[in-house]
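Subject: Structure for you to look through

Hello,

Here is the structure you will be working with. Please open it beside this email and follow along.

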Amino acid sequence: MTPQIESDEHKALREAVATLGRKYGRDYITRAIAEGRPPTELWREAGKLGYLGVNLPEEHGGGGGGIADLSIVLEELGAAGSPLLMLVVSPAICGTVIARFGTDAQKTRWLPALADGSRLMAFGITEPDAGSNSHRITTTARRDPDTGDWLLTGRKVFISGVDMADAVLIVGRTEDARTGRLKPCLFIVPTNAEGFHKHPIDMELNAAEKQFDLVLDDVRLPADALVGDEDAGLLQLFAGLNPERIMTAAFAIGMGRYALSKAIEYARDRTVWKTPIGAHQAIAHPLAQAHIDLELARLMMQKAAHLYDAGDDIGAGEAANMAKYAAGEACVRAVDQAVHTLGGNGLTREFGLASLITAARVARIAPVSREMILNYVSHQTLGLPKSY
């Protein structure tokens with residue numbers, strides 16, 4: 001008997017989410033971009049249907065599933081042309097970290113709202129001088145000796161969806177009393193806190209979700225704003241970064257599938273000299289190769305999600321990086337081939353593929369570049385010496 005790669009429950013979830021995605025489609029996202037607003041209606045309906053919180057614990061309003069479930073939601077929405085970037089951030093990173101390491105009060109306050117979409121949380125790690133090298137983060141948190149409050153100071157850049165968010169899960173650093181060294185810690189920072197300033201970044205990337213530069217000017221936070229153990233910040237941070245990579249893979253695969261479906265439809269219908277162009281191998285073979293690449297990337301994504309949901313953080317780290325790499329490359333190739341298949345039509349607004357050329361690059365660049373993933377695999381998997 002052939003083993004089932006995907007459960008019946010996951011297949012049913014795919015079908016249900018695909019139906020929601022088709023209800024909104026690419027036109028909805030395009031309108032949101034043109035009007036300069038986030039995809040609020042889709043976000044709210046996805047939350048009402050329980051899709052935003054499929055990975056969060058049932059006792060806190062979620063679906064009790066895992067990242068495997070949430071990656072299906074994002075992939076299928078993307079394949080319908082209506083991806084929700086903040087799925088990568090709010091339930092996958094922030095929700096996961098709070099569910100695993102948050103206090104009972106933090107879980108009660110945040111998880112049900114993240115699950116139903118009534119509240120949203122952004123994630124702030126990248127800084128102007130600390131991109132791939134997160135060890136250079138300079139955002140610092142210090143205690144007020146009189147009140148026990150935290151005072152957070154620093155700057156973050158390329159933070160998604162801050163205008164939609166109620167709070168940002170900020171990666172800062174505190175001083176180790178024993179060594180004097182700075183160690184990473186996670187803080188829930190309300191977006192309306194005094195001293196919290198956000199500035200939109202002027203991007204050429206057309207997306208419904210905006211990017212922001214954040215300035216934290218002695219933002220005062222209560223003692224319970226700290227998530228998890230002050231001495232285990234690095235472990236807790238990476239518990240959120242593996243889901244981020246898996247979900248970025250889902251985002252890329254969905255986008256690639258959407259572009260490919262448009263190219264296939266065009267190749268079937270477009271006739272030159274009485275023959276559909278899809279009958280020619282020069283058109284058909286690259287599309288077939290793009291499909292193969294996307295399917296292979298999905299298998300690695302499914303492996304990474306399975307390992308993560310099973311509690312194998314080390315195994316999931318390797319697989320999540322590989323999945324993100326494979327999906328990013330497959331997405332860029334699929335979008336490029338789709339545009340090429342349509343020729344001049346591929347650059348028109350009518351067909352809506354040209355804007356994906358820039359969007360597809362995101363999966364190669366963020367949240368970690370393909371070069372840093374190759375470094376990870378060469379060092380951690382192959383055991384080769386570091387170049388840095």
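This is a predicted model: local features need pLDDT of at least 70, side-chain atom pairs count only at pLDDT 80 or more; totals for chains, interfaces and linings use all residues.

Residues are numbered from 1 along each chain as its sequence is written, and side-chain values use heavy atoms, with hydrogens and water left out.

The core

A nonpolar core is a set of buried Ala, Val, Leu, Ile, Met, Phe, Trp, Tyr and Cys residues joined through side-chain atoms within 4.5 Å. Buried means under 20% relative accessible area, exposed over 50%, and partly exposed in between (1.4 Å probe, protein chains only). The largest such core here has 115 residues, and those with the most contacts inside it include Leu-87, Leu-152 and Phe-187. Helix α6 (residues 233-269) gives the most to this core, with 17 residues. Helices are DSSP runs (H or I, at least four residues), numbered from the N terminus.

Contact means heavy atoms within 4.5 Å. Leaving out residues up to four places away in sequence, Leu-152 touches Phe-187, Val-189 and Leu-216, among others.

Arg-245 lies in helix α6. Arg-245 is buried, at 12% relative accessible area. Beyond four places in sequence, its contacts are Ala-320, Asn-321, Lys-324, Pro-367 and Val-368.

In helix α9 (residues 355-365), the buried residues include Leu-356, Ala-359, Ala-360, Ala-363 and Arg-364. They lie on the same side of α9, because they cover an arc of only 165° around the axis. The arc is that of the directions from the helix axis to the C-beta atoms.

Aromatic rings

How many aromatic pairs does the structure hold? It holds 3. Rings of Phe, Tyr and Trp (its six-membered ring) pair if their centres lie within 6.5 Å; planes under 30 degrees apart count as stacked, over 60 as edge-to-face and the rest as tilted.

Tyr-24 and Tyr-28 have ring centres 4.8 Å apart and planes at 70°, so this pair is edge-to-face. They are 4 residues apart in helix α1 (residues 8-35), and therefore separated by about one helical turn. Tyr-24 is buried at 16% relative accessible area, and Tyr-28 is buried at 4%.

Tyr-266 and Phe-351 also form an edge-to-face pair, with 5.7 Å between centres and 85° between planes. This pair links distant parts of the chain, 85 residues apart: Tyr-266 is in helix α6, and Phe-351 is in the loop between α8 (313-342) and α9. Tyr-266 is buried, at 13%, whereas Phe-351 is partly exposed, at 28%.

Regards

Note on methods
Helices (H or I, at least four residues) and strands (E, at least two) are DSSP runs, numbered from the N terminus.
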